[in-house]
Amino acid sequence: MRRYRLPPLDLLEAFEAAARHLSFTRAADELALTQSAVSRQIAALEDSLGVSLFQRLHRALRLTEQGELLARTVGGVLVQLQGATEQLQQISRQKTVIVTTTPGFAGLWLIPRLSSFTARHPGVDVRISASFTLVKLERDGVDIAIRYCASTTAGPQAAKLFGEVMTPVCSPSLRRQPGKPLKKPEDLRHHTLLYTDNTTHAPLYDWAMWMRAMQLDVKPAAALYFSDYDQMMNAAVRGQGIALGRLPLVDQLVRERKLVTPFSQSVASPMGYHLLRSETSAHKPEVSDFCAWLMDEAAREEAAR
């Protein structure tokens with residue numbers, strides 16, 4: 001059994017317009033119909049309900065008691081339907097780009113640059129998921145992944161944004177600290193070194209790789225550990241120790257003189273940042289725009305180094 005026994009929506013719409021204007025002619029003008037079409041729809045509605053909704057006077061209409069009751073109800077329902085329709089249409093027009101990447105890349109490189117993308121594409125909603133979890137793009141409804149990995153494991157569909165170079169960085173004030181020289185790598189023994197304790201990429205976050213490349217065996221004065229790379233860089237900016245900077249993630253901080261590179265020595269990492277796009281997002285122009293913007297920003301970063 002049907003739960004709702006309702007007249008057709010077009011009959012209710014014609015009735016609401018006629019009741020509001022108390023005129024079949026003006027209702028017809030609003031609905032882009034003829035006066036006779038509106039009159040037939042009202043008659044069909046009255047037959048369906050088994051009541052008279054209008055008193056048809058000479059050159060005038062008047063609602064009956066039943067018509068007034070229906071008018072109050074139908075008017076509110078149609079307003080609610082219109083509001084829901086507009087809300088659904090707005091959602092369908094909304095353009096969204098969902099991006100997954102590491103916390104360090106999101107916090108230090110991507111987010112500081114996002115304003116240039118949103119300025120060019122104000123109608124696009126960018127949603128960033130910063131995590132080390134390796135998501136499946138199609139399954140999880142993600143449009144773009146920016147992955148930190150070696151080129152050999154990035155996959156044939158991935159586009160390389162840039163590679164990575166590692167060099168110590170610290171605040172300018174720490175470099176000038178009296179009694180604690182910082183002119184050559186051996187001077188690290190006088191300072192606190194900053195580490196991340198995230199085990200996912202521990203070999204490259206750790207100082208061990210850089211010191212092996214420098215043929216150093218230095219024990220620092222102290223050590224501080226952080227769960228994420230961007231937390232560690234915040235501590236470095238605040239002068240709490242020396243961090244192993246990963247370029248280009250910290251390039252902007254160096255350009256702004258929030259960090260300095262005390263030594264000229266650096267080590268090229270086998271890792272890099274790679275752009276991967278979901279196959280199901282191929283039809284979305286906003287995703288294409290975001291990918292093109294990422295590649296342009298990465299090329300601009302490489303040219304500035």
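I take helices (H or I, at least four residues) and strands (E, at least two) as DSSP runs, numbered from the N terminus.

**Basis.** I am working on a predicted model, in which local features need pLDDT of at least 70 and side-chain atom pairs count only at pLDDT 80 or more, whereas totals for chains, interfaces and linings use all residues. Residues are numbered from 1 along each chain as its sequence is written, and side-chain values use heavy atoms, with hydrogens and water left out.

I looked up Pro248 and placed it in the loop between β9 (243-247) and α12 (251-255). The peptide bond that leads from Leu247 to Pro248 is cis, and its omega is near 20°. I then turned to Leu22, in the loop between α1 and α2, where phi is near 50°, a positive value in a residue other than glycine. With 68% relative accessibility, Ala32 counts as exposed. I noted these angles because most residues other than glycine have a negative phi, and most peptide bonds are trans.

The crossing of α1 with α3 is left-handed, a term used if the near helix is turned anticlockwise from the far one by less than a right angle, with right-handed used if clockwise. On the α1 side I listed Asp10, Leu11, Leu12, Ala14, Phe15 and Ala18, which meet Gln41, Ile42, Ala44 and Leu45 of α3, contact being heavy atoms within 4.5 Å. The residues of this contact of α1 with α3 divide into eight nonpolar, one polar and one charged, where Ala, Val, Leu, Ile, Met, Phe, Trp, Tyr, Cys and Pro count as nonpolar, Asp, Glu, Lys and Arg as charged, and the others, Gly among them, as polar.

For α1 and helix α2 (residues 24-31), the axes come within 8 Å and cross at roughly 125°, which makes α1 oblique to α2. This crossing of α1 and α2 is right-handed. From α1, the residues Glu13, Ala14, Ala17, Ala18, Arg20 and His21 meet Phe24, Arg26, Ala27, Glu30 and Leu31 in α2, and the residues of this contact comprise six nonpolar, one polar and four charged.

Arg127 sits in strand β4 (residues 124-130) and, at 42% relative accessibility, counts as partly exposed. I found a polar contact of 2.9 Å between the side chains of Arg127 and Asp125, a polar contact being a pair of N or O atoms within 3.5 Å, of which, within protein, one must be able to donate a hydrogen and the other to accept it, and residues adjacent in sequence count only if both atoms are side-chain atoms. Leaving aside neighbours within four places in sequence, Arg127 is in contact with Gln94, Thr96, Val97, Ile98 and Val99.

Glu297 belongs to helix α13 (residues 285-304) and counts as buried, at 10% relative accessibility. Its side chain is joined to that of Arg300 by a polar contact of 2.6 Å. Not counting residues up to four places away in sequence, Glu297 touches Trp109, Arg113, Ser116 and Arg120.

Gly272, in strand β10 (residues 267-277), is buried at 1% relative accessibility. Its C-alpha is 5.6 Å from that of Cys149, 123 residues apart in sequence, and Cys149 is among the residues that Gly272 touches, with residues up to four places away not counted. Phe226 lies in strand β8 (residues 222-226) and counts as buried at 16% relative accessibility. I also noted that the C-alpha atoms of Phe226 and Asp197, 29 residues apart along the chain, are separated by 5.9 Å.

Notes. Buried < 20%, exposed > 50% of the residue type's maximum accessible area, 1.4 Å probe, protein only. Axes fitted to C-alpha atoms, helices over the stretch in contact; angles between N-to-C directions. Parallel < 35°, antiparallel > 145°, perpendicular 65-115°, else oblique.
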